[in-house]
Amino acid sequence: MTASVDRMDLSEVTTLRLGGPAQTVVEATTEAELIDAVRTADEAGEPVLLVGGGSNLVVSDAGFDGTVVLVRTRGVDVSADACSGAMVTVAAGEDWDQFVAQVVERDWEGVEALSGIPGSVGATPIQNVGAYGQEVADTIVSVRTWDRHEKRVRTIMFTNLGFSYRHSRFKAEPDRFVVLTVAFQFRFAGGLSAPIRYGELARRLGVEVGERAPLQQVRETVLELRRGKGMVLDPQDHDTWSAGSFFTNPILTPDAAAALPEGAPRFEQPDGTVKTSAAWLIDHAGFGKGYTRGAVGLSGKHVLALTNRGGGTTAELLDLAREVRDGVEREFGIRLVNEPVLVGDALV
């Protein structure tokens with residue numbers, strides 16, 4: 001039986017600390033409760049908002065007129081083989097960084113560069129969470145879901161998950177699937193990380209791109225880098241009151257990339273496109289670290305993070321996002337796309 005929670009403002013469960021009241025809030029601590037909460041709301045014709053860690057949500061000041069389901073399921077099931085590695089199935093409500101810490105402690109490689117990312121395990125396949133040269137797509141084998149259209153539990157294998165840069169089948173069909181568990185496959189590390197793919201991380205570790213480094217050192221270095229950018233949650237630090245990177249890095253055609261100013265980052269992709277840096281574009285369009293408008297502003301540590309400085313509103317934050325997006329478009333002809341999910345508002 002699911003447990004109803006007294007009326008709450010969604011600012012209580014989002015890392016931005018923004019968002020108005022929820023009409024109905026249900027806390028699901030088991031898989032059965034999670035399915036039941038969603039199915040009951042669907043049968044009643046009520047909108048559903050799933051909330052795990054609340055780290056990728058920007059919720060309207062008006063709140064959410066429907067059922068909010070707090071995903072609080074727990075469980076980590078390990079099937080390990082000393083020769084081939086480990087298969088690990090994790091409940092959607094498990095804390096992501098706590099899980100990464102467990103993986104590193106058990107000497108498995110593959111997610112160490114994803115340390116310090118806030119949120120729940122169940123959210124990671126939705127946008128194919130990635131950082132410092134790793135993505136969850138590197139280690140996910142399958143995702144077990146509740147299919148709201150077919151009203152049944154379905155396991156979706158990797159080949160059908162549609163992973164690409166910050167994208168997945170779940171983003172393509174946003175109101176269809178509820179993530180129940182995620183299955184990962186890891187290799188035993190022998191004390192070393194997966195090959196380091198990200199230049200900044202490699203330099204900090206003192207290795208070349210493509211080389212390995214001590215597993216625990218990689219985790220600690222990533223946490224240090226993220227703290228320096230305000231990307232590790234700290235209730236006392238307003239620079240961390242954000243939804244992480246607010247804009248995705250643009251993927252450009254070769255011609256569009258060539259038109260960028262000299263010095264603009266250009267990263268060639270396997271399909272012939274070129275990725276550039278949203279942070280570089282924002283900074284060079286005149287929006288530096290700490291750029292502030294009232295009670296919201298860019299982080300003083302990283303321009304990609306839009307932050308609530310305390311007492312802000314979602315309307316103010318989205319006004320700032322539009323100002324930054326439009327300024328980049330005027331300067332470079334590139335329209336930035338928001339990464340967090342907007343609930344009850346749109347960035348038009």
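Me: Which residue does Arg 212 form a salt bridge with?
Reply: Glu 109, and the closest N and O atoms of the two are 3.1 Å apart. A salt bridge here is a side-chain nitrogen of Lys or Arg within 4 Å of a carboxyl oxygen of Asp or Glu. This is a predicted model: local features need pLDDT of at least 70, side-chain atom pairs count only at pLDDT 80 or more, and totals for chains, interfaces and linings use all residues. Residues are numbered from 1 along each chain as its sequence is written, and side-chain values use heavy atoms, with hydrogens and water left out.

Me: Where do Arg 212 and Glu 109 sit in the chain?
Reply: Arg 212 is in the loop between α4 (199-205) and α5 (215-228), while Glu 109 is in strand β8, 103 residues apart. Helices (H or I, at least four residues) and strands (E, at least two) are DSSP runs, numbered from the N terminus.

Me: Is Glu 109 buried or exposed?
Reply: Buried, at 8% relative accessibility. Arg 212 is partly exposed, at 36%. The cut-offs for relative accessible area are under 20% for buried and over 50% for exposed, with partly exposed in between (1.4 Å probe, protein chains only).

Me: How many salt bridges are there in the whole structure?
Reply: A search finds 24. One of them joins Arg 144 and Glu 31, with the closest N and O atoms 2.6 Å apart. That pair links strand β11 (residues 140-147) to helix α1 (residues 31-43).

Me: New topic. How many residues are in the largest nonpolar core?
Reply: It has 55 residues, and those with the most contacts inside it include Trp 96, Phe 99 and Phe 186. Such a core is a set of buried Ala, Val, Leu, Ile, Met, Phe, Trp, Tyr and Cys residues joined through side-chain atoms within 4.5 Å.

Me: Which strand gives the largest share of this core?
Reply: Strand β13 (residues 177-188), with seven residues.

Me: And where does Ser 120 lie?
Reply: In the loop between β8 (108-109) and β9 (130-131). Ser 120 is buried, at 7%. Its C-alpha atom is 8.6 Å from that of Ser 55, 65 residues apart along the chain.
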